[in-house]
Structures are given as structure tokens and as C-alpha cells.
Amino acid sequence: MYDRAERLKELFKEQVTELLRQVKDPGLTGFLTVTGLDLSADRKTATVFYSVLGSDAERESAGKALERAAPYIRELLKKKVAIRTIPNLK
């Protein structure tokens, strides 16, 4: 059986992947894939792992764009997921 943390990790990974499609940042170039998500023990921080296919400049640009988009994605998660605490995204 899965515990709650595992279910939340999967839910957040699916939602972040879906919500990244709505981000209209010109820095998001290349092919971006969310590869994983790690949720802290207190469930207040989620670290999103991703890969970008493209040049080194595209990877760096995508990393900066994702850092800028993290608060926006968190706000969208608040609207989509009905739990008390939505984790900060890193």
C-alpha cells in the first residue's frame, strides 16, 4: 500500500507537469520533461526534477524560467488541489 506522502508526490508531479504547459515564458526553450518530485517530510517543500533536451544555453534559460514560474505554478496548484498546505516548489 502507498502512504499519503507517496500519493501526494504522484499527485503533485502530475499537476506540475500539466500546469507547466500553461506557462508562457520565452525562456522555456528546448524539450522539457518533469522526471521526478521529492516531497520533504513536513510536506512544505517539493523539489521538482526535470530534464531539458537542447543546448547548454537552453538548459540554463529553462532553469531560470522555471525558478521564475515556481510561485505562479504554486498558486495554480492551490486552485487545483484541495489540501491545506501546498508545498513551495524548488
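These notebook entries record what I looked up in a predicted model.

**Entry 1: helix α2**

I began with the length of α2, which covers residues 56–80. At 1.5 Å a residue, its 25 residues should span 36 Å, and I found the end C-alpha atoms 33 Å apart, which agrees. I then followed the helix for bends and noted a kink of about 45° at A69.

**Entry 2: the buried side of α2**

Which residues of α2 are buried? I listed A62, G63, A65, L66, A69, A70, I73, L76 and L77. An α-helix has 3.6 residues a turn, so residues three or four places apart point the same way. I next asked what the buried residues of α2 pack against. The partners are the helix α1 (4–20) and the strands β1 (31–39), β2 (45–53) and β3 (88–89).

**Entry 3: the nonpolar core**

I turned to the largest nonpolar core, which has 20 residues. The members that touch the most other members are F12, V16, L20, V48, I73, L77 and L89. I checked the origin of the core residues: α1, β1, β2 and α2 each supply at least two. The largest share, 6 residues, comes from α2.

I looked at L89 separately. Not counting residues up to four places away in sequence, L89 touches V16, A46, V48, A70, I73, R74 and L77.

**Entry 4: D25**

I located D25 in the loop between α1 and β1. Is D25 buried or exposed? Its relative accessibility is 18%, and buried means under 20%, so I count D25 as buried.

I then searched for polar partners of its side chain. A polar atom of the D25 side chain lies 2.7 Å from the backbone nitrogen of G27. The side chains of D25 and R68 are joined by a polar contact of 3.0 Å. With neighbours within four places in sequence left aside, D25 is in contact with A65 and R68.

**Entry 5: R43**

My last entry concerns R43, which is placed in the loop between β1 and β2. I noted a positive phi of about 65° at R43, although this residue is not a glycine. Most residues other than glycine have a negative phi. I also looked up the accessibility of R43: at 30% relative accessibility, R43 counts as partly exposed.

Definitions and conventions. Residues are numbered from 1 along each chain as its sequence is written. This is a predicted model: local features need pLDDT of at least 70, side-chain atom pairs count only at pLDDT 80 or more; totals for chains, interfaces and linings use all residues. Side-chain values use heavy atoms; hydrogens and water are left out. Helices (H or I, at least four residues) and strands (E, at least two) are DSSP runs, numbered from the N terminus. The expected span of a helix is 1.5 Å times one less than its number of residues. The bend at a residue is the angle between axes fitted to the seven residues ending there and the seven starting there. Buried means under 20% relative accessible area, exposed over 50%, partly exposed in between (1.4 Å probe, protein chains only). Contact means heavy atoms within 4.5 Å. A nonpolar core is a set of buried Ala, Val, Leu, Ile, Met, Phe, Trp, Tyr and Cys residues joined through side-chain atoms within 4.5 Å. A polar contact is a pair of N or O atoms within 3.5 Å; within protein, one must be able to donate a hydrogen and the other to accept it, and residues adjacent in sequence count only if both atoms are side-chain atoms.
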